[in-house]
Amino acid sequence: MKIGIVGLGFVGLSLTAVLASKGYNTVGIDVDKKKCKKISNGNSPFFEPSLEKILRNGLKKKLTVSNDFSLIKDCDIIFVTVGTPQSKNGSIELGMIKKSVRSIGKILQENKKNPIVIIKSTVIPGTMQNVILPILEKESKQKAGKNFGLISNPEFLQESTAIRDTEFPHVVVLGGYQTKYMQKAKNFFSKLHPNTSIIITNHQTAEMVKYANNSFLATKISFINQLSNICQNIPGSNIDDIAKTIGLDPRIGELFLDAGPGYGGSCLPKDMKALIKFAGDIGIRPTLLNAVEKINQTQINQIVSLLEKKVGNISSKQITILGTAFKPGTDDIRYSVSIELIKKLLKKKAKIVVCDPKAIENTKNVFGEKIYYDESITSALDNSHCGIIMVQWKQFEKLNNKSIKHMKRKLIIDCRRILANKKLDVEYYALGIGK
Ligand code: UGA
């Protein structure tokens, strides 16, 4: 069996690496030639734990990485994993997916294997029926369900655990018509993930499941962040103890209750906006989703007002930001709350020093020489009026009295409460802990 994967971002590259390492004859396609070369040499274009190891393992077997679409012409399965980024009005940008599906359509004419095209990219309900299917049929001059299969297969992997999530997903969702192709896809996935439930449904439900999943996760985060803000005004209360306790109720569950500066990344913020826009377009006022989004956007103000309350005017004062990645375990800074915070503080003319174990290069691409970068926590804090912990990197837990010795003012704002139980010679404020 030969498998093609079109689009080598987090989802596509993780899938390519995992399938190739399992011995499938795999071809990874991306329009970016430089990226393909890098991947062919066993190097990932982004940091993701375990990815390079699995990729190199795959490269020793039957893996080809190329920008040449024609290589998919003898594939049995073709996954589409290109990005659907956010456009200005909040909806998703379909340019990349349309382009790749057009190229795939053209090649389907030459493919004698009756392949299955599986769409993993996140798309608004109706996109498969109204956009992808018509393009594929027009370009290939063939019929979906007859000459080729077409399946919606949303992805749930998280960055920083992408390989584990690709190997062991919590569920496999297959959306489409009940044809022989659906049966073939079911057989493929049950062999790949023998212990995982497979849900078979139609295209639009599968597309909506993805938005339901991400918007529920966003709701959990905004819920706990709202409570965290309340706790901050109840002397002695601690949001982590509350989250831990309610998390023991199986109806609630313990995950995604870690209060902080708000959710970021390339998925949750984008998917929330797209769902809100979509709901509006079909005549629904999404009151709850709007509130979740609003809480997320204003969470950053908690940090700024705490900072200004303690430091006063921050103009020309050095502020150290610990963590710029959108979460630990990644170098990804897309829609990172930390980046937004830095932009706000720069407007107030603060001098910014940042430290992040993985994301410094990407941060430099945004701010260049407007801010300062330091690899060491201690020297990043030297001369600072305040250190703000934005990301719960393990490295920051090591912060001690030596690290803060040369701060101008020994003041820490901890958005993740990772130092809450440490005895430090410092003025300490944490989001979600009442003083
Ligand atoms: C998210 C979803 O979790 C994945 O299931 C989904 O497949 C993916 O989007 C996607 O659509 O591609 P990811 O973007 O990797 O995954 O990030 P998350 O781990 O969900 O974290 C998102 C943000 O929420 C981060 O800024 C994180 O710090 C924040 N977060 C998460 C919290 O503040 N508290 C929590 O308890 C959990």
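How do the residues of the shell around the ligand divide into nonpolar, polar and charged? There are 10 nonpolar, three polar and seven charged residues in that shell. For this count, Ala, Val, Leu, Ile, Met, Phe, Trp, Tyr, Cys and Pro are nonpolar, Asp, Glu, Lys and Arg are charged, and the others, Gly among them, are polar.

Before we go on, a word about what you are looking at. This is a predicted model, in which local features need pLDDT of at least 70 and side-chain atom pairs count only at pLDDT 80 or more, while totals for chains, interfaces and linings use all residues. Residues are numbered from 1 along each chain as its sequence is written, and side-chain values use heavy atoms, with hydrogens and water left out.

Let us start at the ligand. It is surrounded by 20 residues, and the closest are Leu157, Gln158, Glu159, Lys210 and Asp258; a residue is near a molecule if one of its heavy atoms lies within 4 Å of it. Some polar atoms of the protein lie close enough for a polar contact, a pair of N or O atoms within 3.5 Å; within protein, one must be able to donate a hydrogen and the other to accept it, and residues adjacent in sequence count only if both atoms are side-chain atoms. A polar backbone atom of Leu157 is 2.7 Å from an oxygen atom of the ligand. In the side chain of Lys210, an N or O atom is also 2.7 Å from a ligand oxygen. Leu257 takes part with a backbone N or O atom, 3.3 Å from an oxygen atom of the ligand. Taken alone, the ligand exposes 710 Å², and the protein buries 93% of that; such areas come from the Shrake-Rupley method with a 1.4 Å probe, and for residues only the protein chains shown count as cover.

Which elements give two or more residues to this shell? They are α8 (203-232) and α10 (268-281), and α8 gives the largest share, four residues. Helices (H or I, at least four residues) and strands (E, at least two) are DSSP runs, numbered from the N terminus.

Helix α8 also holds His203. Is His203 buried or exposed? His203 is buried, because its relative accessible area is 1%, and buried means under 20%, exposed over 50% and partly exposed in between (1.4 Å probe, protein chains only). A polar atom of its side chain lies 3.3 Å from the backbone oxygen of Gly175. Leaving out residues up to four places away in sequence, His203 touches several residues, including Met128, Leu150 and Tyr177, where contact means heavy atoms within 4.5 Å.

Now look at Val80 in strand β4 (residues 77-80). Val80 is buried because its relative accessibility is 0%. Val80 and Val117 are 37 residues apart in sequence, yet their C-alpha atoms are 7.4 Å apart in space.

Next comes an open sheet of six strands, in the order β11-β10-β9-β12-β13-β14, with parallel pairing. Two strands pair if DSSP finds at least two bridges between them. The edge strands, β11 (372-373) and β14 (427-430), each pair on one side only. Strands β12 and β13 pair over three bridges, and Ile389 has Asp414 in β13 as its bridge partner.

Finally, visit two loops. Asn114, in the loop between α4 and β5, is not a glycine but has a positive phi of about 50°. Tyr335, in the loop between β9 and α12, is not a glycine either and has a positive phi of about 50°.
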